[in-house]
Number of protein chains: 2
Amino acid sequence: MNTYAKRTIWRKENNPNIIQVIDQRRLPHELIIVDIHTCQEIVDAIKDMTVRGAPLIGATAGYGVMLACIEASKNQNSFVYFEKCINELRASRPTAINLFWAIERQLDALKEGKNWQEKIEIASKIADQIIEDDIEVCRLIGVAGLPILEKISQNKKGEVVNILTHCNAGRLGCIEWGTISSPIYQAHQNGMKVHVWVDETRPRNQGANLTAWELTQAGVPHTVIVDNAGGHLMQHGMVDVVFVGTDRTTRMGDVANKIGTYLKALAAFDNQIPFYVALPSTTIDWTIKNGLTEIPIEERSQDEVKYIYGWNGTSLEKVLLTPITSKASNYGFDVTPARLITGLMTERGICAANEEGLLSLFPEYK
Amino acid sequence: MNTYAKRTIWRKENNPNIIQVIDQRRLPHELIIVDIHTCQEIVDAIKDMTVRGAPLIGATAGYGVMLACIEASKNQNSFVYFEKCINELRASRPTAINLFWAIERQLDALKEGKNWQEKIEIASKIADQIIEDDIEVCRLIGVAGLPILEKISQNKKGEVVNILTHCNAGRLGCIEWGTISSPIYQAHQNGMKVHVWVDETRPRNQGANLTAWELTQAGVPHTVIVDNAGGHLMQHGMVDVVFVGTDRTTRMGDVANKIGTYLKALAAFDNQIPFYVALPSTTIDWTIKNGLTEIPIEERSQDEVKYIYGWNGTSLEKVLLTPITSKASNYGFDVTPARLITGLMTERGICAANEEGLLSLFPEYK
């Protein structure tokens with residue numbers, strides 16, 4: 001448990017075609033590294049949430065395309081096989097825009113490959129590049145977001161800055177730095193007093209499992225709360241700013257993020273607390289406008305609500321939380337309308353959550 | 001598990017000075033009846049949430065005063081002993097107005113008792129009366145609330161009426177009928193199609209544990225959801241009305257209820273969905289106005305957030321949900337401002353959530 005895995009995905013030493021990731025389903029109780037050998041194993045790792053978080057899903061899918069090329073090159077019906085792999089990759093997490101983005105980036109580049117050997121080399125290079133790009137993007141999001149915290153800290157005369165966050169948009173959802181965690185880590189490194197309220201984020205508890213774990217690793221003071229608590233804390237002045245991530249952002253600034261984000265945005269708005277969303281521009285879907293009507297919301301297994309995994313002292317155990325016969329429903333995301341969002345933190349700076357704001361930073365999408 | 005305990009508290013057959021209650025911490029997995037012999041055991045049962053829910057806490061405290069009289073009558077320093085018991089009863093759940101109300105009702109009546117024997121008889125009679133009164137009050141709340149559901153059902157031409165609820169304000173929180181469940185049960189008995197979205201209600205999961213269990217017992221269709229899900233369901237027209245209970249209501253209509261209620265009120269308001277609070281008038285604290293500044297909010301053990309109890313297949317097991325070293329915070333309630341509440345359902349009918357509305361039904365408090 002003391003091993004600090006700096007990155008969340010990497011090639012295995014001495015065998016660059018085996019991909020290694022942290023099994024995020026075992027955190028915070030066990031740090032287990034998983035070897036991934038095939039594109040199907042990439043699909044499984046995304047589907048069963050061994051890896052999660054929009055940027056990391058994109059990076060993982062990047063290696064998925066590389067492995068699909070390697071496998072296709074050995075297959076009699078190489079093009080049919082390759083297409084099947086890509087379709088399965090696409091279907092692994094329907095809400096994750098980074099998934100599609102990474103696949104398209106690969107497919108675009110692969111057009112230049114004249115044979116499978118060339119395609120493998122291209123896909124390999126692009127997959128690595130997706131990772132390096134993400135690290136730089138996250139660092140820059142931190143540079144953009146840091147002044148928000150600095151201003152609050154100044155206004156509070158150096159007293160602790162209290163940040164509330166939902167789910168995990170930290171380095172575990174990315175490669176390094178993370179998105180919402182990047183300004184927090186940079187502030188903490190600079191010696192600013194920060195404290196993070198960590199929503200546990202039912203049903204999969206990514207806040208309690210992942211955000212709390214990585215903040216512990218980084219030495220950042222934090223307190224875990226149930227998802228119900230944020231409104232009360234905001235009513236009583238215990239939250240200075242809300243930072244959340246996003247799985248998909250529309251051209252107009254609507255944000256699809258982990259289920260429950262919308263409720264925190266409402267509470268922040270009602271209490272005049274700034275609410276910022278951190279996003280690499282790859283999570284912007286420039287083709288859609290209305291998040292509520294246009295973003296498909298993934299429905300997951302009811303067992304994620306009915307059962308929970310926890311540490312019984314010696315191992316991870318699954319326990320039942322409801323009457324055995326009761327049904328449960330499990331929508332993975334909700335959409336926070338742009339009107340509730342103070343600003344978007346991107347790798348090119350901060351902008352208003354609307355089309356004008358986004359286009360001011362990304363004029364190439366005009 | 002098939003036993004349907006009609007009431008939640010009663011005197012033991014053949015020994016009326018032993019009080020029996022359902023151990024609500026074991027539901028929905030085991031139905032266990034607990035014998036309570038002393039006032040201290042009453043205090044413990046309230047404190048450790050063997051019993052919970054404002055009206056049931058009041059009823060339990062009523063028997064607590066009776067047991068305190070019995071014990072005091074056998075004690076050398078009977079008045080000192082009795083006062084100590086009452087103080088401990090008062091301190092058992094600081095947010096529960098029914099607790100104070102039941103104790104005061106007993107103490108008022110006890111003034112008529114000339115000796116401990118008379119006091120025991122009075123306390124015994126009043127304790128039983130508190131229970132009968134609660135049952136009638138809950139029935140009447142149902143009579144008041146039923147037309148809300150009937151109107152929605154008519155507007156939907158008999159299609160299913162979807163009610164969202166938080167925590168447990170069903171019969172398990174009362175004696176029979178419950179508060180928010182009373183109109184639902186009455187509608188269901190009348191043949192109306194109803195379906196209840198049950199917030200699991202972390203950290204103690206009273207929704208998943210208790211509301212889902214009692215709706216199962218009553219045969220009412222329901223679906224358990226995480227506390228994060230309600231906003232999404234409301235955004236997509238899947239909720240027709242929100243019904244919640246209250247632990248304490250101010251003269252101006254502010255409502256203190258289980259932590260997270262405020263977030264659901266915000267979402268209902270944002271989506272123009274009616275939000276009703278069911279309350280026996282005993283939960284109104286006529287002495288206070290501003291819920292946010294005047295209602296003390298109980299802080300409970302961080303372990304209720306860090307650990308959860310679930311059924312491992314053979315027994316209830318406690319598992320850890322966070323890094324072992326991470327801190328957690330655990331506020332028990334939040335306050336929903338009156339401005340977000342469509343109406344209050346009381347035993348005397350429905351009124352607006354403000355002083356004028358409440359006084360129109362309860363003019364004796366003018």
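Across the interface of chain B and chain A, 28 residue pairs are in polar contact, both residues at pLDDT 80 or more. A polar contact is a pair of N or O atoms within 3.5 Å; within protein, one must be able to donate a hydrogen and the other to accept it, and residues adjacent in sequence count only if both atoms are side-chain atoms. The model is predicted: local features need pLDDT of at least 70, side-chain atom pairs count only at pLDDT 80 or more, and totals for chains, interfaces and linings use all residues. Side-chain values use heavy atoms, without hydrogens and water; residues are numbered from 1 along each chain as its sequence is written, with chains lettered from A and ligands numbered from 1 in the order in which they are written.

Several elements of chain B, among them α7 (206-218) and β12 (307-311), each supply at least two residues of the side that touches chain A. Helices (H or I, at least four residues) and strands (E, at least two) are DSSP runs, numbered from the N terminus. The largest share, six residues, comes from α9(B). By class, this side of chain B has 32 nonpolar, 21 polar and 10 charged residues. Here Ala, Val, Leu, Ile, Met, Phe, Trp, Tyr, Cys and Pro count as nonpolar, Asp, Glu, Lys and Arg as charged, and the others, Gly among them, as polar.

In total, 63 residues of chain B contact 63 residues of chain A (heavy atoms within 4.5 Å). The two chains bury about 4,800 Å² between them, 60% of it on carbon and sulfur atoms. Buried area is the accessible area (1.4 Å probe) that two parts lose on being put together, summed over both. Four salt bridges are counted between the chains (a side-chain nitrogen of Lys or Arg within 4 Å of a carboxyl oxygen of Asp or Glu). A:R339 and B:D270 meet in a salt bridge at 3.0 Å, N to O.

A:T223 has B:K327 as its bridge partner in β14(B).

Within chain A, the domain assignment gives domain 1 (9-133) and domain 2 (145-365). Such bounds come from an automatic or database domain assignment. The two domains bury about 2,400 Å² between them, 62% of it on carbon and sulfur atoms. A:R52, A:T95 and A:I97 supply 26% of the area that domain 1 buries against domain 2, more than any other three residues. One salt bridge is found across this domain interface.

Conventions. Two strands pair if DSSP finds at least two bridges between them.
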